[in-house]
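Please view the sequence and the structure first, and then read on.

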Amino acid sequence: MKVYDCPGTPNAARIRIVLAEKSLESGVELHPVDLVAAEQKQDWFLEMNPTGKTPVLVLEDGAAISESVAITEYLDNLDGRPTLTGCTPREKAFIHMMHRRVEIMVLDPVDDYFHYGTPGLGPALQPWRMPEWNDEEKKAWGARRGALALQNLPYFDKALGEQPFLAGRNFSLADISLFAGVIFITGAHLTIDSNLKSLSAWFARVSDLPCVKNRSGQSFLSKD
């Protein structure tokens, strides 16, 4: 198998954590994608994923799987023991529900903030980011979305005050995505409220999990 991603980015972290948790790192070839040069928008990449986003998992038969959730589902089920995406209908439902809330309430807003409210990945990517908007419109939208991501964090703080992990008693896909969201927020230089104690304690616990702290690709490549 091959994984196309950009080391050091939140989306890369999501899949690298899964690979580490499922002991699959040794069986995967990692291919870096130059996001700053908009390599993910070039024809060769768009043939794998027409949305032009990383990561992409390419199987031995050449089939390409994009979207972090789909990749996680595939990798988690290879051994017949889906520890990250749930075994029972109830587990699956709660994991996917909480994961989707993370995407809507945190990941999507902070992604908009990064690309519109800051210089983002630079000028090479701008043609794909609302070119009809002027700079003031982009910055205003980015600021609104960044503020929304921060405003939504207390919901997750409350949930994590009631149970050890986001979807219940076990570490799951939902936690991986929220972890990526938190590192994205801090990487984008937004400030998380220090009063969110349950969120902070959860982040410390997750950071100390072997699959998180020992995962590959935690830093950008030197050329980046």
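Is Arg145 buried or exposed? With a relative accessible area of 16%, Arg145 is buried, where buried means under 20% relative accessible area, exposed over 50%, and partly exposed in between (1.4 Å probe, protein chains only).

The model is a predicted one, in which local features need pLDDT of at least 70 and side-chain atom pairs count only at pLDDT 80 or more, while totals for chains, interfaces and linings use all residues. Residues are numbered from 1 along each chain as its sequence is written, and side-chain values use heavy atoms, with hydrogens and water left out.

**Salt bridges**

Side chains of opposite charge can pair when their charged atoms come close. A search of the whole structure finds nine salt bridges, each being a side-chain nitrogen of Lys or Arg within 4 Å of a carboxyl oxygen of Asp or Glu.

| Salt bridge | N to O separation |
|---|---|
| Arg14 and Glu103 | 3.6 Å |
| Arg81 and Asp79 | 3.3 Å |
| Arg145 and Asp112 | 2.8 Å |

Because Arg145 lies in helix α5 (residues 135-162) and Asp112 in helix α4, their pair ties together parts that are 33 residues apart in sequence; helices here are DSSP runs (H or I, at least four residues), numbered from the N terminus. Asp112 is buried as well, with a relative accessible area of 14%.

The salt bridge between Arg14 and Glu103 joins helix α1 (residues 10-21) to helix α4 (residues 89-117), so that parts 89 residues apart in sequence are tied together. Both Arg14 and Glu103 are buried.

Salt bridges with shared partners join Lys22, Asp76, Asp79 and Arg81 into one network.

**Packing of α4 and α6**

Helix α4 packs with helix α6 (residues 173-187) at an angle of about 15°, their axes lying 9 Å apart; axes are lines fitted to C-alpha atoms over the stretch in contact, and angles run from 0 to 180 degrees between N-to-C directions. The two helices are therefore roughly parallel, a term for angles under 35 degrees.

The contact (heavy atoms within 4.5 Å) involves residues of α4 including Ile95, Val102 and Phe114, and residues of α6 including Leu173, Leu178 and Phe184.

Conventions. Angles under 35 degrees count as roughly parallel, over 145 as roughly antiparallel, 65 to 115 as roughly perpendicular and the rest as oblique.
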